[in-house]
Amino acid sequence: MKNTITVSALLAALLLSACAAPEFKQPVIDIPSAYKEAAVQTAADGSQWKQAQAAEAQPRGAWWLAFNDSALNALIDEATRNNANLAVAAARVKQARAIAGIAEADRMPQVGVAVGTQRGRSSPTELGLPAGTPVAPQTTYAAHLTASYEVDLFGRVSSNLAAARGDAATVEANYRSVLLALQADVAQTYFRLRATDAELETLARTVQTREENVQINQRRFDLGDIGEFDLSRARTELSTTRAEAIGLQRQRATTEHALAVLLGKPAASFTAGASPLLDSALMPTIPAGLPSTLLERRPDIAAAQRTMEASNARIGVARAAMFPALNLSAAGGGVAGAFPDVFKMTGRSWLLGALLSAPLIDGGRNRANVTRSEAALEESVATYRQSVLVAFSEVEDNLAGLRILAGQTAQIDDAVVSARRSADLARKLYDAGRTSYLELLDAQRNLAAVERSAVQLRGNRAITTVALVRALGGGWDAPATSQPTTLASR
């Protein structure tokens, strides 16, 4: 007898292990001990580049506060409240949570009540009476309390719940990813707009210089000091610079419209005032931290992780479909010919039932479903690995970008000083009649080009700083869950 019990217990354990979801194993990822760029100590020009230090005092979850820009803070707050894509992501989170709630309900007994009445007339034959015997119609009333419960013999219910919870966690991580992308897009578009304003400001100074050249050359032409060639060149340069400024206004309008969409506003109802980006050196220094922490901060990696867990749980669901399912049911109440009699002892009725169902011949459907679930897990593991590789690459890209832009900015700043000195000397020599207008024009062109390059680099540094924050997962020390969400208000 003892041996029989032992064999039965062993057989039951084997059956349970055969259909349960496999133990989830975290994929092994080759994580470097440090970022490659963190070891680079020189900028593109060979000068020393200061590594980022820890920033414990800087904002974490609300990373944009580190830029110390009240206008940017207001824009991100408005976009978080009104952006349509974020509202879509929030609605998906609610759906996923509800689906997880449905799966959770399967773990509990389902209890219901049924109250009704029916009237009918049976044939004499059904009652065993001679044909033609009159049978009066009858009215019956019934009231029952019903209950049903699926015994989770082989883990179908628990595996299905684990999969639903994994799906909900994936959707929530995707929401945080959309939120981070929105915040970064707003910040980058904002800085792109300010960089364009700074470039327009530079062009405005160039236009003013060209106008002064035209006026001076006109007077000298009227006095006979110069020929018409210099005057025509001055007018050409003025018109060309004005055309560049007009073309840049189109770029600004497009950027402003893109910012309006991010804010959830019609383009026609949004106007951003001019606010030139004056000094990108005020951009916060973002420490990259360790590569291992990136796996905790990036919401897209978190989503890939949860997808793996859900896929692993679905293997258990698929395996459980190959084994018997046990459903218990019960009902109790009363049936009587008059409604008041339903609740009397004379009308009492009850029912208990247990149904064990199992597939016999399914044409290989369940086995194929198991194979499909296992392949889905393999796909999710590969997706996770790719997400991690892309994350590391993005951080390295932006670290390299900031390092190189810092070197470029240092050189271009020196070039601006030299170009302004050259333009000033060229003006004095031209006014003294010691050089030609073409030499003055060449010096002024060089100054305008260098100043525009400096402004563009300024904007690129701001945009790349935001890109690094995004690549790091929205902060430098906070996990993704610390980011503000708007699910409760939607």
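How many salt bridges does the structure hold? I counted 25. I note at the start that this is a predicted model.

I began with Arg81 and Asp77. Their side chains meet in a salt bridge, at 2.3 Å from N to O. I then looked up where the two residues sit. Helix H2, residues 70–82, holds both of them. They are four residues apart there, about one turn of the helix. An α-helix has 3.6 residues a turn, so residues three or four places apart point the same way. Arg81 is partly exposed, at 48% relative accessible area. Asp77 is partly exposed too, with a relative accessibility of 42%.

**Entry: pairs between helices**

I moved on to Asp197 and Arg252. They form a salt bridge, and their closest N and O atoms are 2.5 Å apart. Asp197 belongs to helix H4 (residues 156–223) and Arg252 to helix H5 (residues 228–262), so this pair ties together parts that are 55 residues apart in sequence. Are these two residues buried or exposed? Both Asp197 and Arg252 are buried.

Then I took Glu374 and Arg319. Their side chains meet in a salt bridge at 3.8 Å, N to O. Glu374 is in helix H8 (residues 365–431) and Arg319 in helix H7, so here too the pair ties together parts 55 residues apart in sequence. Glu374 counts as partly exposed, with 31% relative accessibility.

I also found a network of salt bridges. It links Glu104, Arg107 and Arg165. Side chains of opposite charge can pair when their charged atoms come close.

**Entry: Asn312**

I stayed with H7 for one more residue. Helix H7 covers residues 299–320 and includes Asn312. Why do I list Asn312 as buried? Its relative accessible area is 7%, and buried means under 20%. Which residues does Asn312 touch, leaving out those up to four places away in sequence? I found Ala21, Pro22, Glu23, Phe24 and Leu377.

**Entry: nonpolar cores**

I looked for the largest nonpolar core next. It has 51 residues. Those with the most contacts inside it are Tyr35, Trp63, Leu72, Val186, Phe191 and Val395. I listed the elements that give two or more residues to this core: H2, helix H3 (84–105), H4, H5, H7, H8 and helix H9 (437–471). Which element gives the largest share? H4 does, with 10 residues. There is also a second, separate core of 11 residues. Among its members I noted Ile226, Ala234, Tyr430 and Leu440. In soluble globular proteins, nonpolar side chains tend to be buried together.

**Entry: nonpolar patch on the surface**

I then turned to the outside. Val111, Val113, Val115, Leu145, Phe339 and Phe343 form a nonpolar patch on the surface. Together they have about 660 Å² of accessible area. Which strand gives the most to the patch? Strand S1 (residues 110–120) does, with three residues. I placed Leu145 in strand S2, residues 138–151.

**Entry: length of H5**

My last check was on H5. The helix has 35 residues, so at 1.5 Å a residue it should span 51 Å. I found its end C-alpha atoms 52 Å apart, which agrees. After H5 comes Gly264. Its phi is positive, near 75 degrees.

Key
Residues numbered from 1 in each chain as written. Predicted model: local features only at pLDDT ≥ 70, side-chain atom pairs only at ≥ 80, totals over all residues. Heavy atoms only, no water. Buried < 20%, exposed > 50% of the residue type's maximum accessible area, 1.4 Å probe, protein only. Contact = heavy atoms within 4.5 Å. Patch = residues over 30% accessible without salt bridge, like charges linked within 9 Å, V, L, I, M, F, W, Y side chains within 5 Å. Areas by Shrake-Rupley, 256 points an atom, 1.4 Å probe, with all protein chains shown as cover. Salt bridge = Lys/Arg side-chain N within 4 Å of Asp/Glu carboxyl O. Core = buried A, V, L, I, M, F, W, Y, C linked by side-chain atoms within 4.5 Å. Expected span 1.5 Å × (residues − 1).
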